[in-house]
Amino acid sequence: MSQPHSDDNPHDRRFSVVVCVYTEDRWEDILAAVGSVRGQSLPPLETLLVVDHNPALLTRLREKFEESPEQRQGEGGRRRAEGEEVRVLANAGPRGLSSGRNTGIAAARGEFVAFLDDDAVAERDWLRRFAEAYDDERVVAVGGRTLPAWASGRRPAWFPEEFDWIVGCTYRGLPPGRVRVRNVLGGNASFRRSAFDASGGFATGIGRDGDRRPLGCEETELCIRLASALPGAVLLIDDRAVIHHKVPLARERFGYFRTRAYAEGLSKALVARSVGAGKGLASERRYTTRVLPAGVVRGVRDALLGRAGGAGRAGAIVAGVAAAAGGYAVGSVRARRGAVTFSSGPIRPPEPSAAATAGPPQPIQEGAPG
């Protein structure tokens, strides 16, 4: 299939990188995330730190990253290097990750908007790989590969790679290379800024909200909506665009595994209610009928061969499926009763007062679910 190409040099493409933050407990992680963005081989236009209703963190980050007017005028100081600009913004919407991302999109000045989790670090060529994929003008979103950085130093023996999405990482079942997918994973993704003009922003009421129940799927809902708004749009994952996502000890435990799987089921029910079960669960059907059974077989085989964790991995897959199915059933009932709702709308530019506070403007294969 012939691929239409843009005449633009991919190295000239300008990215705004959005990092949503909510707690001072992740201070060192936030600094590491920003440092990895500043160290990109393709420097971003700007890094936007969006603070989710935490005044103390907002003040601390502004003191850390934002310069005074005198410093910006360069009184004897060096000129800011390309890629160093960091703007700190307050979430302009209701509490939650979706509103934080929408705030970043509204303030972004780049042609492309990339998202990085606040507890992750990007490899040096992360943005460069994204930029190369946009050579095809049909491409509206590009995600990358997210690797777990286990706090214990190694993967728990019982934890199946098929469920790495539990900890926000790329999981077994996605084909390698640059592949076409239904949706990208929000913590390691990029979009054309113009895509949000066509589809609106991330839906509120479905994604994460600080330390509450770990819901998700807001990026799934957005990507399905985006594909409907722009027929012929292409969404990709390029496994060379790599980030390393921190997995704290609490998330290495089976209790979190089960809770997160249940929450995923709740979220999938909302997505199915919004876009229809056909679109909302198409990738999940392949995942549950092909990828997971193969994982159970591998676990049982490893157990029979005396390999550590084999029985645990097989059991975790079965337990994860059961938890997700239970969450989906409960979420479907709630959605039908209208007990849980979410909404999406156009991305609105920031209010003038908010902008002033923030600073002066300066061969494709089908993948598995996310």
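Contact here means heavy atoms within 4.5 Å. This is a predicted model, where local features need pLDDT of at least 70, side-chain atom pairs count only at pLDDT 80 or more, and totals for chains, interfaces and linings use all residues. Residues are numbered from 1 along each chain as its sequence is written, and side-chain values use heavy atoms, with hydrogens and water left out.

**View 1**
Arg 273 sits in helix α8, residues 254–275; helices (H or I, at least four residues) and strands (E, at least two) are DSSP runs, numbered from the N terminus. Setting aside residues up to four places away in sequence, Arg 273 touches Ala 335 and Arg 336. Its C-alpha is 9.6 Å from that of Gly 331, which is 58 residues away along the chain. With a relative accessible area of 52%, Arg 273 is exposed; the cut-offs are under 20% for buried, over 50% for exposed and partly exposed in between (1.4 Å probe, protein chains only).

**View 1. Helices α1 and α2 crossing.**
Here α1 (residues 27–38) meets α2 (residues 55–65), with axes that come within 13 Å and cross at roughly 40°. That angle makes α1 oblique to α2: under 35 degrees would count as roughly parallel, over 145 as roughly antiparallel, 65 to 115 as roughly perpendicular, and the rest is oblique. The axes are lines fitted to C-alpha atoms, for helices over the stretch in contact, and angles run from 0 to 180 degrees between N-to-C directions. The crossing is right-handed, the label used if the near helix is turned clockwise from the far one by less than a right angle, with anticlockwise being left-handed. On the α1 side look for Trp 27, Ile 30, Leu 31, Val 34 and Arg 38; they meet Leu 57, Arg 60, Leu 61, Lys 64 and Phe 65 of α2.

**View 2. Leu 58, a buried residue of α2.**
Leu 58 belongs to helix α2 and is buried, at 15% relative accessible area. Beyond its neighbours within four places in sequence, Leu 58 is in contact with Val 51, Val 88, Leu 89 and Ala 90. Leu 89 is 31 residues from Leu 58 in sequence, yet their C-alpha atoms are 7.5 Å apart.

His 53 is in the loop between β2 (46–51) and α2. Its phi is near 55°, a positive value in a residue other than glycine. At 37% relative accessibility, His 53 counts as partly exposed.

**View 3. Ala 122 in strand β5.**
Strand β5 covers residues 120–122 and includes Ala 122, which counts as buried at 10% relative accessibility. Leaving out residues up to four places away in sequence, Ala 122 touches Ser 36, Gln 40, Leu 116, Val 242 and Ile 243. Asn 188 is 66 residues from Ala 122 in sequence, and the C-alpha atoms of the two are 8.8 Å apart.

**View 4. Two buried cysteines.**
Cys 20 is buried at 14% relative accessibility, and Cys 223 is buried too, at 0%. The model has 0 disulfides, counting a pair of cysteine sulfur atoms within 2.5 Å as one.

Over residues 353–369 pLDDT stays under 50, and the model has 36 contacts for them beyond four places in sequence. pLDDT is the predictor's confidence in each residue, from 0 to 100. Where it is low, the predicted coordinates should not be read in detail. For the chain, pLDDT averages 85, and 79% of the residues score at least 70.
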